[in-house]
Amino acid sequence: MFSVSQFFSKNLNRTNIVSMIFTALLTAVASEFKLIPFNGEAFRFGLGSITFFLLVLIRPPASYIQTGIFTGITVVFFRIFGDMIFELAPFWPSFKNHLPAFLFYFLFAFGFGILKLEKYKTLPFLLGVVAAGLEFIGNSAEHFMRYWFVNHVNFGFREWALLSGVALFRSYFVIGLYSSITVSEQKKRMQEMLEVGSELYAESLYLKKSMDHIERITASSHDLYRKLKKERHRELSVQALLITQEIHEVKKDAQRILSGLSKITMQKRNKVIKLSDVLKLVVTANEKYSEMLRKKISFHLLVSIDFETDQQIPLLALLNNLTANSVESIENNGEIDLEIFEESAHTCFVIKDSGKGIHSEDISIIFEPGYTTKFNDFGVAATGIGLSHVQEIICTFEGHIQVNSLGEGTIFQIKIPTRNIRK
């Protein structure tokens with residue numbers, strides 16, 4: 001015999017059951033915030049249907065029908081419990097009074113399941129019409145059930161019009177709220193993707209540098225092989241050839257990795273975002289970085305020019321590195337100013353910090369490969385993108401960078417032709 005427990009356990013795992021219980025309880029509580037528009041009727045407009053609709057949009061249940069049944073039962077008994085505790089009402093009259101609410105949630109959820117709500121999520125106008133129609137059907141069924149079992153108050157044109165208007169209002173209100181939530185989530189995911197993309201771009205620069213070294217080592221070892229062979233050192237020449245072949249295999253592996261990284265970063269670069277969004281991402285990332293280092297740093301962003309760019313990945317790698325250097329140069333408390341403005345045909349970026357500055361004798365060499373002042377506890381040099389690669393990115397944009405450090409604080413000024421970063 002098919003039991004109730006089997007019905008509710010079918011196609012439901014532990015997570016889905018918890019989600020269904022959460023939806024039912026939150027809907028039951030929200031339904032108590034209500035408006036009773038019709039005199040002589042227990043019919044009411046509450047936040048229950050709004051809450052239920054929003055929750056199933058955000059987290060679609062494994063079964064709409066099961067969720068609707070469980071929510072309907074929960075709402076009915078939640079209201080009965082309230083009547084018995086606060087109004088000392090007997091069970092049976094309260095049960096008959098609130099039972100029609102079950103029909104509303106059952107039909108509402110049943111309609112979502114039959115019409116497959118998921119396929120309407122990308123069509124908000126049509127989704128609103130569908131939801132309003134299902135709510136109207138559910139409210140109508142609730143009214144008729146109440147009419148037959150509880151009282152005999154019928155609706156006129158005004159009441160039916162009100163039902164329709166409220167259904168439309170509540171449906172589109174939920175859709176608007178859901179859209180704002182999804183836009184926020186999409187923006188968050190975009191930020192995460194861009195941050196990952198900028199890190200991959202930085203790593204690809206290091207890989208290119210390593211490949212240049214591999215090329216030179218391969219050429220040197222092959223030259224050694226030819227010399228040893230010419231001088232008839234057979235055993236040593238064979239060993240040199242084997243080393244050359246091994247290095248060549250490493251080179252091919254590096255090329256495959258670099259190719260994959262390049263495809264990923266190019267795909268992310270094809271997306272177009274505003275230049276101001278890039279700067280905001282830099283500020284957000286480095287605020288988190290400064291918090292991680294337990295530093296209190298105030299960031300100030302001044303944007304005097306804005307336009308769309310498809311070069312967000314290299315720009316993020318460039319600006320993130322310089323700003324992170326500024327964060328690291330500040331002892332405990334300080335300020336970092338980021339400014340962007342237009343000067344003639346160039347876009348100018350200025351990063352100014354209140355850190356410890358750069359020694360005057362070091363300014364001329366900070367962009368040389370291998371330069372770093374950061375070492376870990378074991379004396380190993382830092383593996384950040386490096387100022388040499390910052391300059392490399394700027395060179396690819398046909399721009400230039402200037403550094404000023406007057407004892408305390410450092411100012412990085414970057415000029416890039418606008419045509420090279422503007423979409």
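Start at Arg294, which follows helix 9 and has a positive phi, near 60°. Helices here are DSSP runs of H or I with at least four residues, strands are runs of E with at least two, and both are numbered from the N terminus. The model is predicted, so local features need pLDDT of at least 70 and side-chain atom pairs count only at pLDDT 80 or more, while totals for chains, interfaces and linings use all residues. Residues are numbered from 1 along each chain as its sequence is written, and side-chain values use heavy atoms, with hydrogens and water left out.

**Helix 9**

Select residues 275-292, which make up helix 9. The expected span of a helix is 1.5 Å times one less than its number of residues. For the 18 residues of helix 9 that gives 26 Å, and the end C-alpha atoms are 26 Å apart, so the two agree. Now colour the buried residues of helix 9, among them Leu275, Val278, Leu279, Val282 and Asn286. Buried means under 20% relative accessible area, exposed means over 50%, and partly exposed lies in between (1.4 Å probe, protein chains only). An α-helix has 3.6 residues a turn, so residues three or four places apart point the same way.

Next, show the open sheet of five strands, whose order is 4-6-7-9-8 with mixed pairing. Strand 4 (296-303) and strand 8 (400-405) are at the edges with a single partner strand each, so one side of each has no neighbour in the sheet. On average, neighbouring strands of this sheet are turned by 10° against each other, direction ignored. Angles like this are taken between axes, which are lines fitted to C-alpha atoms (for helices over the stretch in contact), and run from 0 to 180 degrees between N-to-C directions.

Two strands count as paired if DSSP finds at least two bridges between them. Select residues 333-343 and 346-353: these are strand 6 and strand 7, and they pair in the antiparallel sense over eight bridges. In this pair, Leu338 stands opposite Ile351 of strand 7.

**Thr347**

Stay in strand 7 and pick Thr347. Is Thr347 buried or exposed? Its relative accessible area is 0%, so Thr347 is buried. Contact means heavy atoms within 4.5 Å. Beyond its neighbours within four places in sequence, Thr347 is in contact with residues including Leu275, Phe307, Ile340 and Ile416. Show the side chains of Thr347 and Thr418, which are joined by a polar contact of 2.8 Å. A polar contact is a pair of N or O atoms within 3.5 Å; within protein, one must be able to donate a hydrogen and the other to accept it, and residues adjacent in sequence count only if both atoms are side-chain atoms.

**Helix 10**

Now select residues 312-329, helix 10. Helix 10 lies across strands 4, 6, 7, 8 and 9, and runs at about 20° to strand 7. How many of its 18 residues are buried? The count for helix 10 is 17.

**Two loop residues**

Move to Leu88, in the loop between helix 4 (64-86) and helix 5 (91-115). Phi of Leu88 is positive, near 55°, and Leu88 is exposed at 71% relative accessible area. Last, select Arg232, in the loop between helix 7 (157-230) and helix 8 (234-269). Phi of Arg232 is also positive, near 65°, and Arg232 is exposed, with 76% relative accessibility.
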